[in-house]
Amino acid sequence: PFKKAIRFKGQGQFHPVKYVYGMAKAFESAGGNILQNCFVQDVKEGRILEVQTTRGVFKTKKLIYATHIPPGVNMLHMRCAPYRSYVMAAELKNNAYPEFPAYDMKDPYHYYRTQEMGGKKYLIAGGEDHKTGHEKDTDLPFDRLGSYLKRYFKIKNIAFQWSSQYFDPADGLAYIGHLPGSSDNIFVATGFGGNGMTYSHIAAKVLSTLIISGNHEYENIFNPGRIKPVAGFSNFIKENSDVVSSFVGDRIDMYKSSSLAGLRNGTGRVIKKPGHSPLGVSKDEIGKIHAIDPVCTHLKCIVQWNKTEKSWDCPCHGARYSMDGEVLNAPGTVALASAPTEKKELDDKSAGEKVLADK
């Protein structure tokens, strides 16, 4: 049910993965090369850029970070807020699949569309977004989304569910152009929010023209170094206040969790023993303990355990790490340090109990 609605006529739907594969094929046919599993570790700036990667050093005159969010430390990390978004694909009992994409204006919002895969129709519905690392129980967004859908649709079964990450720009517009704080031959496209398919094309047009001719009619609108936000300056203040509160609050909360007692398989937490450095400890599904240094390698916030994705997520700028500390998402580029693997009995002075842990 709704009170007001806006309808946009003449809309189309296409398959983004097939589209990207088509783009890749066209790129390679034109003489381009695509290297997969090639992680950029460092860039030595100059007229000729030297890009250090896990597959060797590459030299180039121009470089574009089209990587969701640029790695390393940059002012754009203060202007893009990381969010997790949740999606379900459901089969319906009554075949009453929506004939068009729809979005509601609730907060957190929901969206709906129909997708046919393998001869079957699915209701694709998502939403329940929250800032990365700010949801203590990451199963709850899926629970809320499932309950919401069952209230309004005759759900036969939930076939698939997943989550993803995006970066929301402070003033509502993406950042496309020269990467602030870097030399003039380094470019970036980030802050797409939930509009990646649209902004990707804008970025392609703006950046290719900037590189070829040196200017574009929209370069000031999307300028990543813009000082005066186009709109929504209050969002910029709010998001960075959240970062400060997370940075301080995490360290306060950390001291409340000083025991491994009750740590179940598939869960994790940050603990702090008197006289010891903080420790991020998790148990996999077979009960093996994994221990890491929970200080994010990006800007030193304390990571939080995501029990749904089995990952360590930074609540400040969205870096994500595996159970063993490997980098999953930029802006972090360096893995979390692993704790020594030898077993040691830790004396939990606050609770008066002894626990066994990887320390």
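Reader: Why does Cys38 count as partly exposed?
Author: Its relative accessibility is 23%. Buried means under 20% relative accessible area, exposed over 50%, and partly exposed in between (1.4 Å probe, protein chains only). Cys38 therefore counts as partly exposed at 23%. This is a predicted model, in which local features need pLDDT of at least 70, side-chain atom pairs count only at pLDDT 80 or more, and totals for chains, interfaces and linings use all residues. Residues are numbered from 1 along each chain as its sequence is written, and side-chain values use heavy atoms, with hydrogens and water left out.

Reader: What makes Cys314 buried?
Author: The relative accessible area of Cys314 is 2%, so Cys314 is buried.

Reader: How many disulfides does a search of the whole structure find?
Author: One. The term covers a pair of cysteine sulfur atoms within 2.5 Å. Cys301 and Cys316 are joined, S to S, at 2.0 Å. Both of these cysteines are buried. Cys314 is in no disulfide: the nearest cysteine sulfur, that of Cys296, is 3.9 Å away.

Reader: Why is the disulfide of Cys301 and Cys316 called left-handed?
Author: The torsion about the S-S bond is about -95°, so the disulfide is left-handed.

Reader: What does the pair tie together?
Author: Cys301 sits in the loop between strand S14 (289-292) and strand S15 (304-306). Cys316 sits in the loop between strand S16 (311-313) and strand S17 (320-321). The pair therefore ties together parts that are 15 residues apart in sequence.

Reader: Which residues of H2 are buried?
Author: Pro141, Phe142, Leu145, Gly146, Tyr148 and Leu149. They cover an arc of only 160° around the axis, so they lie on the same side of H2. The arc is that of the directions from the helix axis to the C-beta atoms. Lys150 and Arg151, on the other side of H2, are exposed.

Reader: Why do residues three or four places apart point the same way?
Author: An α-helix has 3.6 residues a turn, which is why.

Reader: What do the buried residues of H2 pack against?
Author: Strands S5 (80-92), S7 (110-117), S8 (120-131) and S9 (155-169). Contact here means heavy atoms within 4.5 Å.

Reader: What makes S6 and S9 edge strands?
Author: Two strands pair if DSSP finds at least two bridges between them. The open sheet of five strands runs S6-S7-S8-S5-S9, with antiparallel pairing. Strand S6 (102-103) and S9 each have a single partner strand, so one side of each is left without a neighbour in the sheet. S5 and S9 pair over 13 bridges. Tyr86 stands opposite Ser163 in S9. The direction of H2, which packs on the sheet, makes about 45° with that of S5. Such angles run from 0 to 180 degrees between N-to-C directions, with axes fitted to C-alpha atoms, for helices over the stretch in contact.

How values were computed: Helices (H or I, at least four residues) and strands (E, at least two) are DSSP runs, numbered from the N terminus.
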